[in-house]
Amino acid sequence: MITREQIPQVVGHPVHDAEGKKVGDAKHMYLDDSSGNPEWVTVKTGFFGSNETFVPTRSARLVQDHLEVPYPKEKIKGAPNVDIDSGGHLSVEEEQHLYRYYGIERTGGKNTSADKSAGAAGAAGAAGAAAGSGTDTGRGRGSAGMDASAAGSGAAYAAGRSGSAERLGAGGIESEEEAMTRSEEEMHVKVERHASGKARLHKYVEVEEVEQTVPLRHEEVKLEREPLSASDRDALRSGAEISEADRFVTLHEESPVVETEVVAKERVRMNVEEHVEQKKVHGRVRKERIEAEMEGPSDAIPGGEGTTRGGRPER
């Protein structure tokens, strides 16, 4: 259970669930009206800490530099959204809704939960922690006569009966109306992977003209003449007569015959390579700007024409 003296050690510090996982950071502490003890703590969750959910503190405990609560992270993130009124109060209906969500039964003015912790019943009010100077705080609804007190090194929280939010800084308690929170957007670029196209390995046939020189042989007829001797003429003279006759000789030649043979030459495969290129990404972010506007009477102030100090005429 968290005490009032431990509030500065809770607000602004991490909150872990029952398994030791970080849920977010504690933003505000809400006090019980009857006992004045811490009853609820709000935790900032979400990607930019934009969500704020309520978690009971009766079974919470401080572990080193963080607060540990006996609820799973998903349970905390799924807590009902609560709209706080202008005075920083929880209504009875909203508080009952949170009690039911976390399994805390409220009977006979007592709150009973599974961890057997009990506390006085009442609507909870907000109390924030201040480290150094100028941290926002809230106050409980209907709390009677509580004063702002410092705890730790320059840390304090504010509580009172009016229920309006105040700030405790080096110069004392200031109204929340004198301060304003400035926010701005930050650009975060994510990279997503998607298909940009397809690569196909295709084989097709093309015809190429090839020229090659080969030797070819062929036969030709060459006439050879030789004179007859006297004895040959005497032998051929008997029975010789003039006539026509034919003799045949077969001639040969070579001709080219073209044949093709399929021969494997190489293997081709596709390898995918990843290349990294630097690309500039442009975006627009919005930021708030806070300026002070001085208002004063139209009459001139002695010692200077139309000048004012601190929004009030100097006297």
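Helix α3 (residues 92–101) buries Glu-95, Leu-98 and Tyr-99. Buried means under 20% relative accessible area, exposed over 50%, and partly exposed in between, with a 1.4 Å probe and protein chains only. Helices (H or I, at least four residues) and strands (E, at least two) are DSSP runs, numbered from the N terminus. Viewed down the axis of α3, the buried residues fall within an arc of 105 degrees, so they line one face of the helix. The arc is taken from the directions between the helix axis and the C-beta atoms. An α-helix has 3.6 residues a turn, so residues three or four places apart point the same way. Glu-93 and Arg-100 are exposed on the other side of α3. Just after α3, Gly-103 adopts a positive phi of about 75 degrees.

The model is predicted; local features need pLDDT of at least 70, side-chain atom pairs count only at pLDDT 80 or more, and totals for chains, interfaces and linings use all residues. Residues are numbered from 1 along each chain as its sequence is written, and side-chain values use heavy atoms, with hydrogens and water left out.

The chain holds four helices and 14 strands. Of its 315 residues, 26% count as buried. The chain exposes about 25300 Å², of which carbon and sulfur atoms supply 47%. Accessible areas come from the Shrake-Rupley method with a 1.4 Å probe; for residues, only the protein chains shown count as cover. Among contacts with a separation of 6 or more, 54% join residues 24 or more positions apart. Contact means heavy atoms within 4.5 Å.

Strand β3 (residues 38–45) has seven of its eight residues buried, so it is largely enclosed by the rest of the structure. Strand β2 (residues 22–32) pairs with β3 in the antiparallel sense over six bridges. Pairing requires at least two DSSP bridges between two strands. Leu-31 stands opposite Pro-38 in β3. The two strands β2 and β3 form a hairpin with five residues between them, and Gly-36 in the turn has a positive phi of about 75 degrees. Strand β4 (residues 51–56) also runs antiparallel to β3, joined by six bridges. There, Val-55 of β4 is the bridge partner of Val-41.

The largest nonpolar core has 27 residues; Trp-40, Val-55, Leu-67, Val-69 and Tyr-102 touch the most other members. Such a core is a set of buried Ala, Val, Leu, Ile, Met, Phe, Trp, Tyr and Cys residues joined through side-chain atoms within 4.5 Å. Two or more residues each come from α1 (7–10), β2, β3, β4 and α3. The largest share, five residues, comes from β2. Beyond neighbours within four places in sequence, the contacts of Val-69 include Val-15, Val-55, Ala-60 and Ile-76.

Gln-64 lies in the loop between β5 (61–63) and β6 (66–68). Gln-64 has a positive phi of about 55 degrees although it is not a glycine. Its relative accessibility is 77%, so Gln-64 counts as exposed.

The mean pLDDT is 73, and 67% of residues reach 70 or more. pLDDT is the predictor's confidence in each residue, from 0 to 100. Among the elements, strand β1 (residues 14–16) has the highest mean pLDDT (93) and strand β11 (residues 149–151) the lowest (31). Over residues 107–176 the pLDDT is below 50; this stretch has 178 contacts in the model beyond near neighbours in sequence. Where pLDDT is low, the predicted coordinates should not be read in detail.
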